[in-house]
Amino acid sequence: MNLSMTMKAEPSPVRLLAGQRALVTSANFGIGAAIAEGLAAAGARVVVNYERGPEEAQYLVRKIKDEGGEAIAIQADASQEHQVQTLFRQMRESYGGIDILVNNTQLEKKAALTDMTFQDWDQVLRVNLTAQFLCAREAAREFIRQGVMAEVSRSAGKILCLSSVHDVIPWPGHASFAASRGGVMMLMRTLAQELAPHKIRVNSISPGAIKTPGNAGIRASPEKEAELLQLIPYGRLGTPPDIARAAVWLLSDEADYVTGVTLYIDGGMTLCPCF
Ligand code: BGC
């Protein structure tokens, strides 16, 4: 008996980003890794950027390839101008250009204001804000040079800035982090306005508490986790795939008329009066 005649045909997956080339900074773990995987599953060729942790980056590249996608890993510190320029040159040499930038670098350094060192403040601002400027500038230059390639996308390029609910919620003990994320919001909104005439879309995703290696300590303690859950009306922590699914949509032509917005993916945390 011909089995294929009796089995229901699987619907073919919609490849929203087919033919596109994406760079995800700091993509070797957590939210960045999930986004890189999601973009690859949607048909994009992905550069997995990492600063430290080549093993994790290579593991992710292998995983993407095993799942039928395309990816390469490129090392660079996205907060350093020359390294960013080299990263974009290497991406151009490998993939011929770029259609999608996901600005994902993130650093938290907890300290009361009176104990905060200048070095820590400066590093958080460089990783969380300056890196986003440096990568956005290189990406925009390429997008404008390439223009709209109608067979690839309706826009000339997309930039997605990963931020945080702390772009609107103040966070005692994290002045540097909150200030950098507030900065990302105005960077994103200003670039969205400035680049729209070039058919470049710029948006942000601001995650709440997401299960990542960064909060493994909190999740290991039932009391601390319960305290955190008090702040999340939806009653659970988010997962990296929660963010990745939204990123794929925002970066696809399905969201072609969406620019300059921040999508809060936080289980309602920004609604919580008790934060
Ligand atoms: C931070 C997490 C924090 C969450 C809610 C995120 O931006 O990265 O560490 O749990 O905001 O406060």
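**Ligand site, pockets and cavity**

A polar side-chain atom of Q106 lies 3.0 Å from an oxygen atom of the ligand, where a polar contact is a pair of N or O atoms within 3.5 Å. This is a predicted model, in which local features need pLDDT of at least 70 and side-chain atom pairs count only at pLDDT 80 or more, while totals for chains, interfaces and linings use all residues. Residues are numbered from 1 along each chain as its sequence is written, and side-chain values use heavy atoms, with hydrogens and water left out.

**The ligand and its surroundings**

- In the side chain of S164, an N or O atom is 2.5 Å from an oxygen atom of the ligand.
- For H166, the corresponding distance from a side-chain N or O atom to a ligand oxygen atom is 2.6 Å.
- On its own the ligand has 310 Å² of accessible area, and the protein covers 87% of this (Shrake-Rupley method, 1.4 Å probe).

**The largest pocket**

- The ligand sits in the largest pocket, meaning that more than half of its atoms lie within 2 Å of the pocket's grid points.
- A pocket is an open set of points on a 1 Å grid over the protein atoms alone, with protein on both sides within 12 Å along at least five of seven lines; lining residues have an atom within 4 Å of a point.
- The volume of the largest pocket is about 1,500 Å³, counted as the space filled by probe spheres set on the points.
- Its lining has 49 residues, of which Q106, L107, E108, T212 and G214 lie nearest the centre.
- Helix α5 gives the most to this lining, with four residues (helices are DSSP runs of H or I with at least four residues, and strands are runs of E with at least two).

**The second largest pocket**

- The second largest pocket holds about 190 Å³ of space.
- Among its lining residues are R154, K199, R201 and D256.

**The cavity**

- One cavity of 30 Å³ or more is found in the whole structure; a cavity is a set of points where a 1.4 Å probe fits but cannot get out.
- Strand β5 gives the most to the lining of the largest cavity, with three residues.

Note on methods. A polar contact is a pair of N or O atoms within 3.5 Å; within protein, one must be able to donate a hydrogen and the other to accept it, and residues adjacent in sequence count only if both atoms are side-chain atoms.
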